[in-house]
Amino acid sequence: MSLRASILATGSYVPDRTLSNEDLEKMVDTSDEWITTRTGIKNRHISGAGEYTSVLASRAAENALVAAGLAPSEIDILIVATVSAEMTMPSCACLVQNEIGAVNAFAFDVNAACSGFLYALSVAEKHILVNPQLKILVIGAETLSTRVDWQDLNTCVLFGDAAGAVVLGSSELGDGLIAEKLFSDGSLHNLLYMDGAQSLNPALNNGEYQGSFIKMVGKDVFKYAVNAMENAVRVVLGQAGVDIGEVSLIVPHQANIRIINKLTQKLGVDAEKVYINVSKYGNTSAATIPLALDEANREGLLQSGEYIVLCAFGGGFTWGATLIKWQ
Ligand code: COA
C-alpha cells in the first residue's frame with residue numbers, strides 16, 4: 001500500500017468578541033431577517049486589540065500541536081494561508097514561527113484567498129511525499145474584520161475572524177490525502193478582490209486613502225462558486241474512482257448557506273453529509289475549512305477509513321477540492 005500524506009491532528013481558535021446580526025442592525029441599514037435568509041449567517045467573531053492574524057494562527061497551531069502530541073520544535077515546515085496578515089513582510093508564517101517557537105521549521109505564506117487552505121495543504125503534501133518523516137503545520141487564518149468596509153452593506157455582514165490548523169504527517173496505511181484538483185482563473189479577478197498595492201490603486205497617491213477593503217460582485221461570485229465547487233468535487237472523486245455515495249462528509253468553504261445548499265443539491269447528497277457552521281462564524285476565508293474540520297473532528301464526525309471531501313472557492317478566482325480517507 002502506498003504511503004500518503006495524512007492529517008494527524010486538527011486545531012482551531014476564534015476570538016472571544018462576537019458581532020451578531022442584531023449588533024449589525026445598529027450599525028448599518030440591515031436586518032437579521034435579510035442576513036439570515038440571504039446568507040445563513042447569524043454571528044461572527046471579531047478580533048480585539050492585538051489579536052492579529054498571526055496571533056489567531058498561533059493559538060490554532062498550538063491547539064493542533066497539543067492534539068498531535070508534538071512540540072513546536074518538531075515541526076519542519078509551517079505554512080499559513082491568509083489574505084489578511086498584519087504585515088505584508090515578513091510573512092505571517094514567520095511571525096507564527098516566532099510566536100509558537102517552531103525553531104526548526106521554515107515558514108511561508110500562501111495566498112489563494114478562500115481556497116488558500118487547500119492550496120497550502122497541496123504544497124505540504126508534496127513535501128511529505130518527498131520526505132515522509134516531515135511534520136508540517138498547515139494553517140488558515142484571517143482577520144477579515146480589518147479588511148471590511150463597515151459602510152458597505154454588500155460585504156460587511158458576510159465576514160469574520162478565525163484560524164484553523166492541521167498537522168500533516170504521513171501514513172503507511174494508505175489512508176490520507178487521496179486526490180486533489182486545484183483551479184485558478186485570473187481573468188475573473190475583478191469580481192472579488194482587495195486592492196492594496198500602491199501601483200494599482202490611484203487613491204493611495206492622493207492622500208484620501210482609507211484602507212484596502214474587500215470588493216465583490218456578489219451575484220456573479222455566487223453563481224461561479226456553486227458550479228466551480230461542484231465540478232471540483234466531481235473531478236477528485238473521478239480521479240480516485242470513488243462514488244459520491246461513498247463519501248461520509250463534505251466540508252465545504254463556509255461563505256453562504258445558499259451556496260452550500262445549492263452545492264448539496266447539485267451533488268445529490270443528503271444534507272446531513274455536508275458540514276455547516278457558517279451561522280456561527282460567517283465567512284472567515286482561508287480559515288473556514290480547517291475550522292470546520294476541527295469542529296467536525298471534535299464532534300466525532302471524522303471516522304477512520306471514511307472518505308471526507310474538502311472543497312473551496314475564492315478570489316482569483318481560485319477553487320478546488322481534496323479527497324481524504326481519514327486515518
Ligand atoms: N442588508 C440589507 N439589505 C441589503 C444588504 C444587507 N446587508 N445587502 C444588500 N441589500 C439589498 C440591496 O441593496 C438590494 O436592494 P434593492 O433590491 O432595493 O436594490 C437587495 O438587498 C438585493 O441585493 P442583492 O445584491 O441583489 O442581493 P443578493 O440576493 O444577491 O444577496 C449576497 C447578496 C452578497 C448575499 C449574495 O450575492 C451572495 O451571497 N453572494 C456570494 C458572496 C460570497 O459568498 N462571497 C465570498 C465567496 S468566497
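Modeller: Let us begin with a loop: S285 is found in the loop between α9 (278-281) and α10 (288-298), where helices (H or I, at least four residues) and strands (E, at least two) are DSSP runs, numbered from the N terminus. The model is predicted, so local features need pLDDT of at least 70 and side-chain atom pairs count only at pLDDT 80 or more, while totals for chains, interfaces and linings use all residues. Residues are numbered from 1 along each chain as its sequence is written, and side-chain values use heavy atoms, with hydrogens and water left out.

Colleague: Is S285 buried or exposed?

Modeller: Buried means under 20% relative accessible area, exposed means over 50%, and partly exposed lies in between (1.4 Å probe, protein chains only). Because the relative accessibility of S285 is 3%, this residue counts as buried.

Colleague: What is the phi of S285?

Modeller: Most residues other than glycine have a negative phi. S285 is not a glycine, and yet its phi is positive, at about 50°.

Colleague: Which residue is joined to P90 by a cis peptide bond?

Modeller: Most peptide bonds are trans. P90 is found in the loop between β4 (77-81) and α4 (92-100). The bond in question is cis, with omega at about 5°, and the residue joined to P90 is M89.

Colleague: What is the omega of the cis peptide bond that joins G316 and F317?

Modeller: F317 is found in the loop between β12 (307-314) and β13 (318-325). The cis bond joining G316 and F317 has an omega of about -15°.

Colleague: How many aromatic pairs does a search of the whole structure find?

Modeller: Rings of Phe, Tyr and Trp (its six-membered ring) pair if their centres lie within 6.5 Å; planes under 30 degrees apart count as stacked, over 60 as edge-to-face and the rest as tilted. By that rule, the number of aromatic pairs found in the whole structure is 5.

Colleague: What is the centre-to-centre distance of the stacked pair F183 and W319?

Modeller: The planes of F183 and W319 are 5° apart, which means that the pair counts as stacked, and the centre-to-centre distance is 5.2 Å.
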